[in-house]
Amino acid sequence: MKNIRSHVRVCAIGVCLLAIPIYIAARSGGPPSGVTGGFGEGNCTQCHRTNPLNTGTGSIVITGPATYLPGTTYPIRVTVANPNPESQRWGFELSTRNQSGQQAGRLLPGGDGYTQLLPELNGIQYISHTEVGTRFGTPAGVNFDFLWQSPASADGALQFHAAGNTANGSTNNTGDFIYTTSFSPSPRTAPIPVPVLPANGVVNGASFAPGTVAVAPGSIVAVFGSNLSDGGTLLSSAFDANGRQVTGLLGARATVGGVAAPMFYTTGGQLGIQIPTEVSGTSTTIQISVGGETSATRTIALEPAAPGIFTTNSQGSGQGVIVLATGGGIAAAVGSISGVTSRPARPGEDITIFATGLGQTNPVVPTGARPTTLTRTVATPTVMIDGMAADVSFSGLSDCCVGLNQINVRVPANTRTGNTIPVVLTISGKQSNSVTIAVGN
């Protein structure tokens, strides 16, 4: 089974870092609500008055689904661009409405820190850039990525309106160019293929152990099959108004033991979900639905703990997603992972192992939620590095993500040096996949 590069792996590596905010006068923290230019409201030229609207060489483009299914989460991209070398900072604001001008669905900020919700105005949601999202000094243009949950029932052709600012980054509102655009998705009328979920299609989302191997409540798993979305691919997710991971993406929903499962990503052939913490026993059932079409019900085996360590190749083997306590890079050979800081760990150095499936925690964290306080696993794992037991200082949940375990350990003093030193953990009598780290002096 070929798997995709999951959102969880990216967050675990920690590449989604936010830049230090820089203050500017051009509304870097977000514009006022109600300046998208849609339904008779104003636009950003109310403050940025130097250049007439939609002049110069810039543009704003909304990319989203041409058609939508009710109650479905879709990725939306706003591209603000201008080849003018004076354009060095970027901003936008967007709203979604039906033909009567009422709110259509819900907007959810992306996970990169570049977008935010503004205060609602007359019942309308507005989403815009954040201060770091303006990305001062970036030439040519930028993308703003976020999610949209379509209305619970079809509401006709909808209207997305957006205004974009290609700013020069000065300390005032002069010299900037403002652009507006719109986008109109319609209800989907084409038939949806029935999702296919084969037997043994649910595997640990870190180790990718065969589907005959049990998974644990609360863990991250991958679900393999076909027709598992409305035809698109979405490798990111979001949190709802209650701070819980959304349970549907691109029309796909998973029900495990009768409980809606939080979803991390979706493609036509693979879903990433969390096994709800409420399920128990030695087995449970899973069913996938897409746009009202439903798969066969399958049975999956459960164990209180079923550990898996994340790997940088997202295949459950090779270099582990294991982070250095000092500097935050991956404990791998220098330059071995494109775009990611790495160096070998040193004997006696503290490292953090990212995993899933370590079982019950104290306190219990609800399904789809991130921990809000220090949360430890009830059982303590044994971690072997180069065949030697490592001191474990913490085993619990990471507060960045849903279902993500982290184990803080110290590399044994007598560990050999090399780029493929084995690491494996055991908890409640269950052993993880074996991964590797680099160790040097």
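## A stacked pair between strands

Phe 146 is buried, at a relative accessible area of 2%, in this predicted model. Its ring partner is Phe 92, and the two are stacked, with 5.8 Å centre to centre and 15° between the planes. Phe 92 is in strand 4 (residues 89-97) and Phe 146 in strand 8, so their pairing ties together parts 54 residues apart in sequence. Phe 92 is buried too, with a relative accessible area of 1%.

The whole structure holds seven aromatic pairs. One of them, Phe 160 with Phe 183, is edge-to-face: the centres are 5.5 Å apart and the planes make an angle of 85°. Here strand 9 (residues 159-167) supplies Phe 160 and strand 10 (residues 177-183) supplies Phe 183; both residues are buried. Ring pairs also join these two with Tyr 68, Tyr 74 and Trp 148 in a cluster.

## Strands side by side

Strand 3 (residues 73-81) runs antiparallel to strand 1 (residues 59-63), joined by five bridges; Thr 63 has Arg 77 as its bridge partner there.

## The nonpolar cores

The largest nonpolar core has 52 residues, and Phe 92, Val 78 and Ile 273 are among those touching the most other members. Strand 8 (residues 141-149) gives this core its largest share, five residues. Another core, of 23 residues, lies apart from it and includes Ala 305 and Leu 425.

How values were computed: Residues numbered from 1 in each chain as written. Predicted model: local features only at pLDDT ≥ 70, side-chain atom pairs only at ≥ 80, totals over all residues. Heavy atoms only, no water. Core = buried A, V, L, I, M, F, W, Y, C linked by side-chain atoms within 4.5 Å. Buried < 20%, exposed > 50% of the residue type's maximum accessible area, 1.4 Å probe, protein only. Helix = DSSP H or I, 4+ residues; strand = E, 2+ residues; numbered from the N terminus. Pairing = 2+ DSSP bridges. Phe/Tyr/Trp six-rings, centres within 6.5 Å; stacked < 30°, edge-to-face > 60°.
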